[in-house]
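Visitor: I have a chain open here and would like to talk it through. Can we put it on screen?

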Amino acid sequence: CMLGLQLSLKWSRTIVAVMASVAVLAGICGVLGVCGFTAAAKLSGFGVFVSAFSPYTALCVLVNPQEMAASAFGPGGTFEGDAPEWAGRLLLVVAILMASLTYCLIVWGMYRSMVKNFDMIIRRQHQ
C-alpha cells in the first residue's frame, strides 16, 4: 500500500502508479521467492532464516520442512544433526518475526518520508 501511495504521489496517472507498484512488488516477491527456495533447499540454518523473508517460501518450509529445506531438516525429522524438528521450526518462526519487523520498519520509513515531503511533492505537481 505504501509503495502504491508513494508512486501515486510521484506520478499523476493512477493506472501507471498502480501498474508500476504491482510490477515492483511482483519483482521483489519473485526474487525473494527464488532466493528463499534456493537457500532453503541448499543451505542449512541460514537458508531457513533467508526463506522467512518470502511469505510463500516460509509457509512451504513450515508445512513440509523435509521436502522444502532438505539440507536443514533431515529425513528422520531432525534439524541440522541431532536437534529435533521443532527447533528448526522455532528458528523459522523467529526469522518470520524478524522479517515482519523489517518490513514494518521499511513501511514506516516510507510513510514518514511521504508525510515529511508531502508539501514539496504537491507543489512540484502543480507547477
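Visitor: What share of the 127 residues in the chain is buried?

Guide: Buried residues make up 29% of the 127. Buried means under 20% relative accessible area, exposed means over 50%, and partly exposed lies in between, with a 1.4 Å probe and protein chains only. This is a predicted model, where local features need pLDDT of at least 70, side-chain atom pairs count only at pLDDT 80 or more, and totals for chains, interfaces and linings use all residues. Residues are numbered from 1 along each chain as its sequence is written, and side-chain values use heavy atoms, with hydrogens and water left out.

Visitor: How many helices and strands are there?

Guide: The chain has six helices and two strands, in the order α-α-α-α-α-β-β-α from the N terminus. These are DSSP runs numbered from the N terminus: helices are H or I with at least four residues, strands are E with at least two.

Visitor: Which residues of H1 are buried?

Guide: In helix H1 (residues 2-10) they are Met2, Leu3, Gln6, Leu7 and Leu9. They sit on the same side of H1, because their arc around the axis is only 155°. The arc is that of the directions from the helix axis to the C-beta atoms.

Visitor: And which ones are buried in H4?

Guide: Helix H4 (residues 55-63) buries Thr57, Ala58, Cys60 and Val61. Their arc covers only 165° around the axis, so they too lie on one side of H4. Exposed on the other side of H4 are Pro55, Tyr56, Leu59 and Val63.

Visitor: What is Leu92 in contact with, beyond its neighbours within four places in sequence?

Guide: Leu92 is in contact with Val48, Ser51, Ala52, Ala58, Val61 and Leu62, where contact means heavy atoms within 4.5 Å. Leu92 belongs to helix H6, and it counts as buried because its relative accessibility is 1%.

Visitor: Change of topic. How many aromatic pairs are there?

Guide: The count is two. Rings of Phe, Tyr and Trp (its six-membered ring) pair if their centres lie within 6.5 Å; planes under 30 degrees apart count as stacked, over 60 as edge-to-face and the rest as tilted. Phe49 and Phe53 are edge-to-face, at 5.8 Å centre to centre with 70° between the planes. The pair of Phe53 and Tyr103 is also edge-to-face, because the planes stand at 80°, with centres 6.2 Å apart.

Visitor: Where do Phe53 and Tyr103 sit in the chain?

Guide: Phe53 is in the loop between helix H3 (45-51) and H4, and Tyr103 is in helix H6, 50 residues apart, so this pair links distant parts of the chain. Ring pairs join Phe49, Phe53 and Tyr103 into a cluster. Phe49 is partly exposed at 25% relative accessible area, and Tyr103 is partly exposed at 33%.

Visitor: Is Trp108 buried or exposed?

Guide: Trp108 counts as exposed, because its relative accessibility is 54%. Its place is in helix H6 (residues 85-125).

Visitor: What about Pro84, where is that?

Guide: Pro84 is in strand S2 (residues 83-84). With 34% relative accessibility, Pro84 counts as partly exposed. Its C-alpha atom is 9.0 Å from that of Phe73, eleven residues away along the chain.
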